[in-house]
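Hi,

Here is the structure I promised to pass on. Have a look through it first, and my notes on what turned up follow below.

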Amino acid sequence: MFPELSFNIDHGYLEGLVRGFKSGILRQSDYLNLVQCETLEDLKLHLQSTDYGNFLANEPSPLSVSVIDDKLREKLVIEFQHLRNHCLEPLATFLDYMTYGYMIDNIILLITGTLHQRPISELISKCHPLGSFEQMEAIHIASTPAELYNAVLVDTPLAPYFIDCILEQDLDEMNIEIIRNTLYKAYLEDFFNFCKGMGGGTAEVMCEALAFEADRRAFIITINSFGTELSKEDREKLYPRCGKLYPDGLEMLSQCEDYDQVRTVADYYAEYKELFDDAGTNPGDKTLEDKFFEHEVKLMKNSFMHQFQFGVFYAYVKLKEQEIRNIIWIAECVAQRHRAKIDSYIPVF
Amino acid sequence: MEGLLRSEEMTLCQMFLQSEAAYTCVSELGELGLVQFRDLNPDVNAFQRKFVNEIRRCEEMERKLRFLEKEVKKDGIPMLDTGDNPDAPAPREMVDLESTYEKLENEMKEVNANAEALKKNFLELTELKHILRKTQTFFEERHTDVPCSEHVQYNQLPYHGTEMLMHAEHHHPQAMHDPSMSDETMGLLGEELPRSGQPLRLGFVAGVILRERIPAFERMLWRACRGNVFLRQAEIESPLEDPVTGDQVYKSVFIIFFQGDQLKTRVKKICEGFRATLYPCPETQAERREMAIGVMTRIEDLNTVLAQTQDHRHRVLVAAAKNVKVWFIKVRKIKAIYHTLNMFNLDVTQKCLIAECWCPVADLDRIQQALRRGTERSGSSVPSILNRMSSKQIPPTYNRSSKFTQGFQNIVDAYGVANYREVNPAIFTTISFPFLFAVMFADMGHGMIMFFAALYIVLKEKQFGARRIEDEIFKTFFEGRYIILLMGAFSIYTGFMYNDIFSKSLNIFGSQWFAPAEPFSLATLSEFKKLQFNPNETYTGSPYPIGLDPVWQMAQNKIAFTNSMKMKLSVILGISHMFFGIALSLLNHRYFQKPLNIICDFIPSLVFLFCMFGFLVLRIFHKWVAYDSSMSQKAPSLLIGAINMFLFNYRDEHPDNPEVYHIPGSLQGFQCFLVVVAGLCVPWMMFFKPFYMRHQARFGQLAAERLRRARRQLEQPNVFENNRRFIRGAEEEEFKHQPLSVQSGDLLNHDHDFDNDQEVVHNNDTSGHLHQEEEQEEPFDFGEVFVHQAIHTIEFCLGCISHTASYLRLWALSLAHAQLSEVLWSMVLRIGFSSSGVGGAFMLVIVFMFWACLTVAVLVLMEGLSAFLHALRLHWVEFQSKFYSGTGYKFQPFCFDQILDHSADD
């Protein structure tokens, strides 16, 4: 009757853990210190005084940005795996759902890579470890979507999402993009329904987060499709139908032909209007992408306000990813001595 | 006495260290471990500090050492821990150390790379060996099948194999004549089936794959090739070593038969995807045998080379292992020194570093000496200077402790670190803690087990300490060995008083009760199971010399008797403990010169506690002394008496019955007086202090104080001017430091003069930021003071009642402990005694073991833990709340030993 009453029996420890992890997320003052760094060694020294601790201690200098990236990601992955290994149902399914997104990215990365004749070992190292699965490395045997499905994906949890994209066409750039977005659409809708079925605080928080994710994808797909050969009908098929834009907004988006029309669609929705209003392409303005990220960070921070729900796990991973993006951005700026734009990270706390 | 009662007197000092001497001075201070440095650059980032490069070099060295240590551990070479503690090397030696480590690391890496390459080679050869051996069996199965007809052979293949072959036959005959066969896709069946006239040529690849990947691999092959391949696999029994990680992994040999080029590329891709390694495998048996022989010889060659590489690696590591610990200590010391130097300020001329530190006044001489040694070692001609400064900041609390008092100090500190110079209850805890514990744990036998266990650890403490046992539970016991020792000793004593040894009694002096022959003839004794003793007739009149009379052990009403005694005892102990706590608060008030607190806190609380419970204690003693067994009916009831006292209820229930206790009239009046006085104490405590303080704030001394301060501020400009002159002087000539910096030796003698004379001895850089930290006098806030006092009053008054009740746990736990041990005796050990004969002896041995284990596990360990926790609570809550605020912060000196201990744990 009240799932909150018994929540702590199964998930209390992990929720406490993840809230503890959250307090290790870098704060504004840390970023202020980080942007002052002159070299990557400085960056390492400062990160040592944060929750990252000695994560770079065993790396011989000189450091490179990619090493930092790997180590940052490794830390997140270790934390996530720890949570995953200690959780019970339904949290286990929930966490698994979170990894599907990475799986989709990995598959697309591998297919695109093989399309461009890159060696598979080089591609594998670029894959996100959270989204790795057993059959992943053999993905390059597939040359058509049907083959991909039959040989590789049928055993993975992504199989049901793939049903919609089995076409007897060759894999080319366009098709890959379509596959990615169709997969994502199916994944988001499935995840959305799963969270909705959970009810309680989880549904409240996660539906909000996933709806935003869906709408963001819809906007981005629309904007990116201008000037490509993607037809309006095809485009409409790619919109995830679990956001706030569904159904009217998506209908309107599918008819859009340029950026300004997208903007008019966004104007009907208060929270998106704000994002589009502040975004710009002029130097000094924040890009639409950054605005979306900012909004996401806000949503994720809010999800920590609710207790007894799974949204915190999702939120933690998302916030941590944002933090990794920030650190990498700063590290790149430091490494390339390109300090003009170093401040355009998105602070979390 | 003063040293034990209060924390050390501390002082804030300023150090002027010549740049070249700073390193050696800090190194000496680190060895000494008596100085806590303050961070003078809290706003500066870690990477913007002065010695950040040196720290980075240290970290790099540490990384190399960790690498070496890892390699040493991997090879299982024991690392020598000689326990020597080298001094921190001079900064110029850092380069040598760095190059040594660098060389070692490179050598190690090279050796590792070689070994890895060799091992990889070795692995490949071993895998090939296994492939040749296993495929041999696959092919042999085929050979035995050869005489049979083609179809039989097909039928013996697993389902997909069959399908594949059929498929091949019917649909792709052209593939069978595929000319472009590479060396590993040999015609397999072609030679073997010459008479069938169908040149069915199948290709195959052989390889090795991780065993756990086999199922997925097989499934993927089946799906991707639509069942047109045939996989055979066999497990390699012995694990193989992974050359990169050095882990032992299990692998399987597989061989895949397929047909056609398209399938071949596909199969190869899958193999690549699953990280299977493929090896060429010749088709004929002769070739395979030849290859196998070649492989075997190569493996043997490799083995010798590998052994030599390992030997070399071992030699290098053994040499390194001798020094690794010492190197670690050196590097960590250097790093700690530079970290400390980073906290210092650079003076304007860049010639000297300025440090601020807390140090105990009593040790200023030793610090001074350390500085002198440091300066000498660096060869600098200019001495380092130590200045005492006056500061309004609260100094850290530094309690000196020996290994004996450390455990008790930890108990106190766990509650809260004492305020600076507050009465430190640790010294009293050394006795009261084990005593209160023992009251609850009163049993001579269990006490002895505890005592001797602790005695063993204490006697062997050097050996145990040297072994550095990491086990957390053992560590806890080891740290608390003296506490346990005392607890055991006191338990023996209280057990003796309660006359309890494993729930039995000792009859040492002879019981003072006897059974006179008159009513207790043998006949009556054998007739009745229970007999009642009248104390007036069967008691000699003089008590058992010490402790409880053993006769009670047999009495039916033993519990009723001991309960009454133990309850009264715990109330007496508790009230005395609390009185003692209040008395200690007097020491605090006197030391901090707060007469107001004596009048408004100490006296009323003392009076209140006496009126409420002190009187009760007196009545307990009165009852014990004044009433003997002959007039026990007339003895007053303490509980009813106490309740009636507070209710002013002196109605006589049985005015005519002389057998019942009647309160005398004079006592009635006195009791009323006590209750009224106790009642008056409450408003006294609650209102007097805040109102008096308000009065003072308006008209009294505080105003006068403010006036005085204002006058002093008028004089202040002089000091500032003085200071400014000093700064200007510093820029011009260095020796102008001299007039303001006073040798600490002089300061020791007349530090009060110093305080008055030189209010500010700050350097330019630090003064601004110090002034910020010095708090302004807070304006008097009546509401806050009043609320605070009200809370304190209510807490104390309610606390008196609840705390007294809380001390009853002394009785309750003692009762529980006694009962539990009695149950264990009567339910367990008695079974052993009940049977006789040889079987009974065996039985007794078994039962005794059982009983002994339970005694140690339940009665000594578990009950001991529970009594420990209750004693802890009685000290923290009931005792320390009377006088101890515990809001100070601990003195954490810069000390190499601690730093090394700490980093060794990581």
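**Where chain A meets chain B**

R56(B) and D42(A) form a salt bridge, with their closest N and O atoms 2.3 Å apart. Please keep in mind as you read that this is a predicted model. The count between chain A and chain B is one salt bridge, and one residue pair is found in polar contact across the interface.

Between them the two chains bury about 2400 Å², 49% of it on carbon and sulfur atoms. In chain A, L45(A), E134(A) and I141(A) lose the most area to chain B, together 25% of what that side buries.

**The nonpolar cores**

The largest nonpolar core has 148 residues, and those touching the most other members are L43(A), F94(A), F191(A), L253(A), F313(A), F217(B) and I256(B). Leaving aside neighbours within four places in sequence, F217(B) is in contact with I209(B), L231(B), F254(B), I256(B), I270(B), C271(B) and F274(B). There is also a second, separate core of 68 residues, which includes L5(B), V412(B), F490(B) and L872(B).

**Backbone points to look at**

Chain A has a cis peptide bond between E89(A) and P90(A), with omega about -5°. P90(A) lies in the loop between α4 (65-86) and α5 (91-115) of chain A. Another cis peptide bond joins Y246(A) and P247(A), with omega about 0°, and P247(A) sits in the loop between α11 (232-238) and α12 (248-254) of chain A.

In chain B, N499(B) has a positive phi, near 55°, though this residue is not glycine. N499(B) is in the loop between α17 (481-498) and α18 (522-527) of chain B and is buried, with a relative accessible area of 3%. F648(B) also has a positive phi, near 50°; F648(B) is in the loop between α22 (638-647) and α23 (665-699) of chain B. Is F648(B) buried or partly exposed? F648(B) counts as partly exposed, because its relative accessible area is 42%.

Best wishes

Key:
Residues are numbered from 1 along each chain as its sequence is written. Chains are lettered from A and ligands numbered from 1 in the order in which they are written. This is a predicted model: local features need pLDDT of at least 70, side-chain atom pairs count only at pLDDT 80 or more; totals for chains, interfaces and linings use all residues. Side-chain values use heavy atoms; hydrogens and water are left out. Buried area is the accessible area (1.4 Å probe) that two parts lose on being put together, summed over both. A salt bridge is a side-chain nitrogen of Lys or Arg within 4 Å of a carboxyl oxygen of Asp or Glu. A polar contact is a pair of N or O atoms within 3.5 Å; within protein, one must be able to donate a hydrogen and the other to accept it, and residues adjacent in sequence count only if both atoms are side-chain atoms. A nonpolar core is a set of buried Ala, Val, Leu, Ile, Met, Phe, Trp, Tyr and Cys residues joined through side-chain atoms within 4.5 Å. Buried means under 20% relative accessible area, exposed over 50%, partly exposed in between (1.4 Å probe, protein chains only). Contact means heavy atoms within 4.5 Å. Helices (H or I, at least four residues) and strands (E, at least two) are DSSP runs, numbered from the N terminus.
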